[in-house]
Amino acid sequence: MNGESIQEQVNIKHDFNRNLFLFIICSAIGVFSFFVPMEGKTLFEIMYKALIIAPLGDKVRYVVLMMTVFNVFGFIYARLMRDKGVDNYVVQRFKKDSLLMGLTYVLAFIFVVMALTQKGLWFIYSDKTVGYMIVEIFPFTIGCLTIGGLILPLLTQYGILEFIGVQLEPIMRPILKLPGKAAIDSIASVVGAAVVGIYLTTSLYHDNQYTEKEALSIASGFSLNSVGYCAFLVGYVGLIEMFNVMFITYLIIAYIMAAIIVRIPPISWHKDVYKDGTVQTEEMRREGSEKFSIKTIRKGFVRAIEKADKSENVFKELFIGGIEGFMVVVGIIPMMVVIGGICLAVYNYTPIIRYMSMPLIPIIQLFKIPEAAIAAESIFLGGLELFMPSLTVTASTTNMAVRYFVVMVSMLQVLYITETMLPIKSFGLPVKLSELIIIWAERTLISIPMVALMTHIMFG
């Protein structure tokens, strides 16, 4: 597997040694940053906390305010200029936004001003709604996506995805109907954050490396909660001594569910078509079906060198990645403020969620889980925000079996309006919010019997 044989096999424009260096060094740095813990923390986590979250502090509210102002005035400017031949960055960014999106920008600005001034609709600016999101959710979102955008090119642009993807293709394709590289998306979310996995997946979709169906399946089923946050949730409900077993169980059930859900609507209705319109053929799917061998290692290496050959200046790629990551945050904040704020207000100040969760009660009772009403309402809240089920069940019961059941199902739901559904939509995947809600319901219903079984095994 020397340079000359690779040159004979592929057409590369740069020097082979240059491509090999970039593949090895950049990929190693990327893998180390995301996947190698140092005293329990990855470099990625250390960076987004030290470089973004800590310096932001209380100033995050003003950063969020500036984001909403930019969106409002950017939308208005693009509307006024798009028909006058102006074609700058702002016009390009906003020219396709609908009037409904424009209304979302305005409402987000108003809601944030209410939260900052503590005036207006109390149920909007409350520290349980928009105020909660600004303090608890947005610093994490800004930090993860900005630093994630900065580091992700090390994984996407220099060949490691191509190399690993070829090796895992024979396993991933028949069982999960996905290319081998999808494993990296899952690992990125587990060691980093779900939103980072989603961002990586959508970036690869826009780069024509995933089809529409593949990207939706990965974003909605493989962008798992990070190991750190799972540990926080398990510890919060008082089960930290069981964390290792719970997390392994969580991963096993998550991948079983992914194999099921990719085969049923709405994911099965989506097409295996790349963003540029290319239809994925059976030959493309069979291309990586050969068993693992020296041949697959060589094939992965060739693809890695080809990918590294297409890359440009490393520092430029990283800088652009960081800017794009931050601008992704700017784009999703308005929807998170409006939809997330309203949903949290509905939960905290109305009985609607309690009534909507009632159909889950007989299902949970069917599997002999005690305190089914508490479990049902807590699980239903998982559609809004990841922490709320654990918060609610801990406040409502001391029964550890119920707490175990709720926290496990809530982690397996994966889709939450405030943290994953809206980013999936905002990052440009061709999926309706209603479809994501259906997938959330499927994940909830499929996970209940499997988690119930584990609950009875663990708690007798």
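This is a predicted model: local features need pLDDT of at least 70, side-chain atom pairs count only at pLDDT 80 or more; totals for chains, interfaces and linings use all residues.
Residues are numbered from 1 along each chain as its sequence is written, and side-chain values use heavy atoms, with hydrogens and water left out.

The largest pocket holds about 1,300 Å³ of space. A pocket is defined on a 1 Å grid over the protein atoms alone, as an open set of points where a 1.4 Å probe fits, with protein on both sides within 12 Å along at least five of seven lines. Grid points are joined across faces, edges and corners, and the volume is the space filled by probe spheres set on the points. The lining of the largest pocket comprises 38 residues, a lining residue being one with an atom within 4 Å of a point. His-206, Val-328, Ser-426, Phe-427 and Gly-428 lie nearest the centre of the pocket. Two or more lining residues come from each of α5 (89-94), α6 (99-117), α9 (153-156), α12 (194-206), α18 (314-349) and α24 (417-426). Helices are DSSP runs (H or I, at least four residues), numbered from the N terminus. The most is given by α18, with 11 residues. By class, the lining has 17 nonpolar, 14 polar and seven charged residues; Ala, Val, Leu, Ile, Met, Phe, Trp, Tyr, Cys and Pro count as nonpolar, Asp, Glu, Lys and Arg as charged, and the others, Gly among them, as polar.

A nonpolar patch on the surface is formed by Val-245, Met-400, Leu-453, Ile-457, Met-458 and Phe-459, which together have about 510 Å² of accessible area (Shrake-Rupley method, 1.4 Å probe, only the protein chains shown counting as cover). Patch residues have over 30% relative accessible area and no salt bridge, and nonpolar side chains are joined within 5 Å. A salt bridge is a side-chain nitrogen of Lys or Arg within 4 Å of a carboxyl oxygen of Asp or Glu. Helix α25 (residues 433-459) gives the most to the patch, with four residues. Leu-453, found in helix α25, counts as exposed at 52% relative accessibility (buried, under 20%; exposed, over 50%; partly exposed, in between; 1.4 Å probe, protein chains only).

Most residues other than glycine have a negative phi, and most peptide bonds are trans. Gln-118, in the loop between α6 and α7 (122-125), has a positive phi of about 55° and is partly exposed at 44% relative accessibility. Lys-368 has a positive phi of about 60°. The peptide bond from Pro-265 to Pro-266 is cis, with omega near 5°.

Technical notes. Patches are made of residues with over 30% relative accessible area and no salt bridge: like charges are joined within 9 Å, nonpolar side chains (Val, Leu, Ile, Met, Phe, Trp, Tyr) within 5 Å.
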